[in-house]
Amino acid sequence: MNSYPKKLLTIVTEAALESTLIREIDRSGAHGYTVTDARGKGDHGVRDAGWPASANIRVEVVCDAETARSLAALLHDRYYQDYAMILFIADVEVLRPEKF
Amino acid sequence: MNSYPKKLLTIVTEAALESTLIREIDRSGAHGYTVTDARGKGDHGVRDAGWPASANIRVEVVCDAETARSLAALLHDRYYQDYAMILFIADVEVLRPEKF
Amino acid sequence: MNSYPKKLLTIVTEAALESTLIREIDRSGAHGYTVTDARGKGDHGVRDAGWPASANIRVEVVCDAETARSLAALLHDRYYQDYAMILFIADVEVLRPEKF
Amino acid sequence: MMDPVILFFVLGITAGLLRSELRLPAAVYEFVTIVLLLAIGLKGGIELAKQPLGQLLPQMVAVVALGFVLALLAFPILRKLGRLQRADAASIAAHYGSVSVGTYAVAVAYLGSRQVSFEEHMPLLLVLMEVPAIIVGIILARGVSRSTRWGSVVHEVFLGKGIVLLLGGLFIGWAAGPVGVEPLEPLFMDLFKGILALFLLEMGLITAAQLTGLRRYGVFLVGFGIAMPLFSSVLGIATAWMLGLSLGGTVILATLAASASYIAVPAAMRISVPEANPTLSLAAALGVTFPFNVLIGIPIYHAMAAWALG
Amino acid sequence: MMDPVILFFVLGITAGLLRSELRLPAAVYEFVTIVLLLAIGLKGGIELAKQPLGQLLPQMVAVVALGFVLALLAFPILRKLGRLQRADAASIAAHYGSVSVGTYAVAVAYLGSRQVSFEEHMPLLLVLMEVPAIIVGIILARGVSRSTRWGSVVHEVFLGKGIVLLLGGLFIGWAAGPVGVEPLEPLFMDLFKGILALFLLEMGLITAAQLTGLRRYGVFLVGFGIAMPLFSSVLGIATAWMLGLSLGGTVILATLAASASYIAVPAAMRISVPEANPTLSLAAALGVTFPFNVLIGIPIYHAMAAWALG
Amino acid sequence: MMDPVILFFVLGITAGLLRSELRLPAAVYEFVTIVLLLAIGLKGGIELAKQPLGQLLPQMVAVVALGFVLALLAFPILRKLGRLQRADAASIAAHYGSVSVGTYAVAVAYLGSRQVSFEEHMPLLLVLMEVPAIIVGIILARGVSRSTRWGSVVHEVFLGKGIVLLLGGLFIGWAAGPVGVEPLEPLFMDLFKGILALFLLEMGLITAAQLTGLRRYGVFLVGFGIAMPLFSSVLGIATAWMLGLSLGGTVILATLAASASYIAVPAAMRISVPEANPTLSLAAALGVTFPFNVLIGIPIYHAMAAWALG
Ligand SMILES: Nc1ncnc2c1ncn2[C@@H]1O[C@H](COP(=O)(O)O)[C@@H](O)[C@H]1O
Ligand SMILES: Nc1ncnc2c1ncn2[C@@H]1O[C@H](COP(=O)(O)O)[C@@H](O)[C@H]1O
Ligand SMILES: Nc1ncnc2c1ncn2[C@@H]1O[C@H](COP(=O)(O)O)[C@@H](O)[C@H]1O
Ligand code: NA
Ligand code: NA
Ligand code: NA
């Protein structure tokens, strides 16, 4: 079975941003996303998920390189300054490229 | 310390499929798996984890390239058509290759 | 926008080890981490998260290659023998290298 | 006046449709469901302790038959009138032949606040009626092919959360009897309506989400989701009449017949008839029939039962 | 003697400061919050059923005005004395102009155990007072610029969890009336104090975590977090006096004025004024003002109200 | 007749062994545990308020000694007869020297439904008996080496969830007294048995999972898991007799001695004696001793205590 290269963009940020972020992903041209609840620590201190204001989410988007790049850049520009957020991009292979 | 190349197969699918999927993984020759609860959106619409029928799971399997390939192909053939499911494979390095 | 190569170290281990592990990460020089709750199976059997003693955590650290290597080696030496634990390292790209 | 638990359902639907940020964590949904299932089982079990099981045999046989019949009647309608694919028609038929525990609980609350008594062993019939339609659904979808793994079907059906908790509650109530269960009453009986209110709040949110499914698959499902329960309730009332049930018992059996499953059947169909699209069955069962029964249906069945028995 | 629910708060803070392993899962926090919000709404709604809404209009207008005024007064203090950035000052002002449901619940428990009665429609005023300061905060931070997406602000504010559950409870209590709500009482009324105890245990753990934020941003926030509620409570007592409220009602209104939001406002500010640093506002509202009000403030407001009305 | 809460445990084990889909979310387990621990603490604390702590000193010293002794006696048996490695033997000895809160709660329910009264300050002894065996276990595994980080051991032991909630409950009950705690009773006292039922349902599921561990490590653990509690209960009864406890108090102390920890000790051992295999200790403590005590042991200890005191 053939496999095709795609990008996996992972975003870890504040739970409060979930619906905003999903709107941005929908607009970016990506076909889907996956969200899990998370906690963690970074420049904005410890976020221990004890209550909504200190909870994180971890969002994954599988998409083509172009979308990953532009979505990452857009999120960086709009949200990095004001929100606890990190972004990273990895190479992945998928079986059905048309899904992403 | 030496490190060895392996594959990381990630599957996002319906929570209802968990035990079936685990059986397939056990049979595939992989030595283990990790499951987290998730929500998301894809071709099958929004799955918001509000109740069991709309919950997703995110399953990771670290294994050799051959197992990853064949497991992915098998899951694709058996479940892609009828279930909300995506699959992707990434390169990873591990320290103890015999564990996987 | 430029992107820079980093490493993503993922650790899956017993929930009981969370605070110990976080101390090790803090000391390693990494700037942050992300934790999600998980369940799974491996050499130490099924860990189904039904109660604290059988729950797993999945910890991610984005850092430079050197830190990833040394942290992985240290965790391997100190915890692999006595705890249910796996480690793997992947290549990722980030936008703001100074954050990691 | 509307029962306040129903108002929680209305609140949930409204919040859902307005896209409120209100979301209940999955663990709360599970907690509330577990308490409801155990409470319903316990109540029925206490009653079973009072009468020989043999006496109930005719009722038990009748509701199992009713479950088979309802699923078998629904199927051709879905296939012919709805032009649905075989698997989808079979799956929806299974949902409507089986029963909904939440609807049952609302009917119990409805009768309670009107001081209408009913045969207290109804939870036993509830459990029995969950299963037959599932088997019908699988056979309708697959035929009686050798490839169906009936072992795993049986496992799926009888060891699902819903049936284990209902049966477990029945058994514990039966074994412990009214006196033994007394110390458990503050949680399982006194809080029942409050917990039911939280459950219906969540069901409202879930129902609102199912309405998207509806929008996509058109008017047939709406019509079916209203006509089928009305029709089923008539069969339910007829069965109750043959069994000589009281007014309350007749309303409950009509409600059971009219209700469509959303716990046991969706889970079983997902595994055993995976090619059936769950969006269709959930849109009908949760988006149409559940609110219909809860808001309008139960009073109608009450009126029909009163007329039939009067 | 201290109310035992307060001791749960003290236990939570102590465990948090000692870095105990005690952590309550997020789902438990949500569950407890949902029950509290619904219970408060229901109680108020039952009372609303008893009196024409028109009669309450003056009170409703007064507390909305009070919310605006408090936020507008807090802003220049934060800006000038605190030398905070515009967005931070605006956000903190919004927190202090709005109200805290947890503090309200503690005041209710406090008056209850002292058998001081109060106007039972207070939850209505609580809901009304949540909102105006949010609008003030956004305007203070942004100006009345065209770029503010007021549609999404309104959505964020009125469809947040807190307001939906309070308003929903109010509506259900009002529609169902005292008799209708009775079967819900075991969960929402009898368990109220127990659930409040669990809530305060969690709030203690959360408060302890906020103290880190404090350490970093110094003494101004501590001073403000104590002086502002004292000052607000005086305005609250004056308003209550003008409205002719009872002693209990005066204590409640003083407490509402003195309390700082930590559910609705943080969520709204995070989306609408993202450049405001949430660590600052939460450190003040949760790290200082919440414990101050709960441990010391409410008795002070009680004494001041007694003096003012006596 | 069997107490219905025990039947919930049986239901859990059965569902687990049949590989039912029934799973309770971790958050529900936490919630139920938290309420139980606080309830037990509160009950004990109310009683402490009634008597000078000094009078209890002999009992407090005695149970601490009992905890030390039980762990020290278990160790050589595990080492010699069981041929277990040093760390494993030390860890299991710590589990059996310490106590199980769930078993304690079942004993309380058992005595309650038989109207046998007991010294109500037992929760204090429960807390005290949790700790000494942990220290013994660590020393047995490690020796009194300088490398043991006792600071973090103390932190782990005294600031674990179990002890913080028990001690916190004790303190609040003591400070608030019977009248103060009254408004908390609907949650912590009236629901106690219902919550205990849910807890035992979960423990049944967990126990079933531990049985895999047993299968792998053979008959020694089964024998030890039954013989050790019987032996410990005799020591417990002897201690109770020396202290002049009532019949009920003797049953409780026998049960405490016989019970094996599964909250505090596993967590502490995992951090302080990581080389001990937790599968072994949990298989024995949860797979054998917990069900043995709950199903058979407590009535035996009751009979032995009646014989000893009669
Ligand atoms: N180096 C890192 N590795 C993994 N996760 C991180 C890292 N830095 C930050 N995070 C996650 O991203 C969230 C926001 O990061 P920050 O904006 O740096 O506070 C944190 O709460 C962590 O969950
Ligand atoms: N492009 C994507 N990126 C990340 N996750 C996705 C993507 N597409 C689908 N998913 C996840 O996979 C699940 C099933 O996908 P689907 O079968 O496309 O509905 C969704 O509910 C998402 O959680
Ligand atoms: N091959 C694997 N792929 C993914 N996750 C694994 C794998 N092996 C183990 N794990 C995870 O790591 C945990 C500890 O592994 P182990 O020490 O092998 O028992 C397991 O409970 C799983 O969650
Ligand atoms: Na039906
Ligand atoms: Na205020
Ligand atoms: Na013991």
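Biologist: Which helices each supply at least two residues of the lining of the second largest pocket?

Modeller: They are helix H2 (26-48), helix H5 (101-113) and helix H11 (192-243) of chain D, together with helix H9 (161-181) of chain E. A helix here is a DSSP run (H or I, at least four residues), numbered from the N terminus. The model is predicted: local features need pLDDT of at least 70 and side-chain atom pairs pLDDT 80 or more, whereas totals for chains, interfaces and linings use all residues. Residues are numbered from 1 along each chain as its sequence is written, chains are lettered from A and ligands numbered from 1 in the order in which they are written, and side-chain values use heavy atoms, without hydrogens and water.

Biologist: What makes Asn56(C) a polar contact of ligand 3?

Modeller: A polar contact is a pair of N or O atoms within 3.5 Å. A polar side-chain atom of Asn56(C) lies 2.8 Å from an oxygen atom of ligand 3, so the pair meets the definition.

Biologist: Which backbone atoms lie 2.9 Å and 3.3 Å from ligand 3?

Modeller: A backbone N or O atom of Val62(B) lies 2.9 Å from a nitrogen atom of the ligand, and one of Tyr33(B) lies 3.3 Å from an oxygen atom of ligand 3.

Biologist: How many residues surround ligand 3, and between which chains does ligand 3 lie?

Modeller: Ligand 3 lies between chains B and C, and 20 residues surround it (a heavy atom within 4 Å).

Methods:
A polar contact is a pair of N or O atoms within 3.5 Å; within protein, one must be able to donate a hydrogen and the other to accept it, and residues adjacent in sequence count only if both atoms are side-chain atoms.
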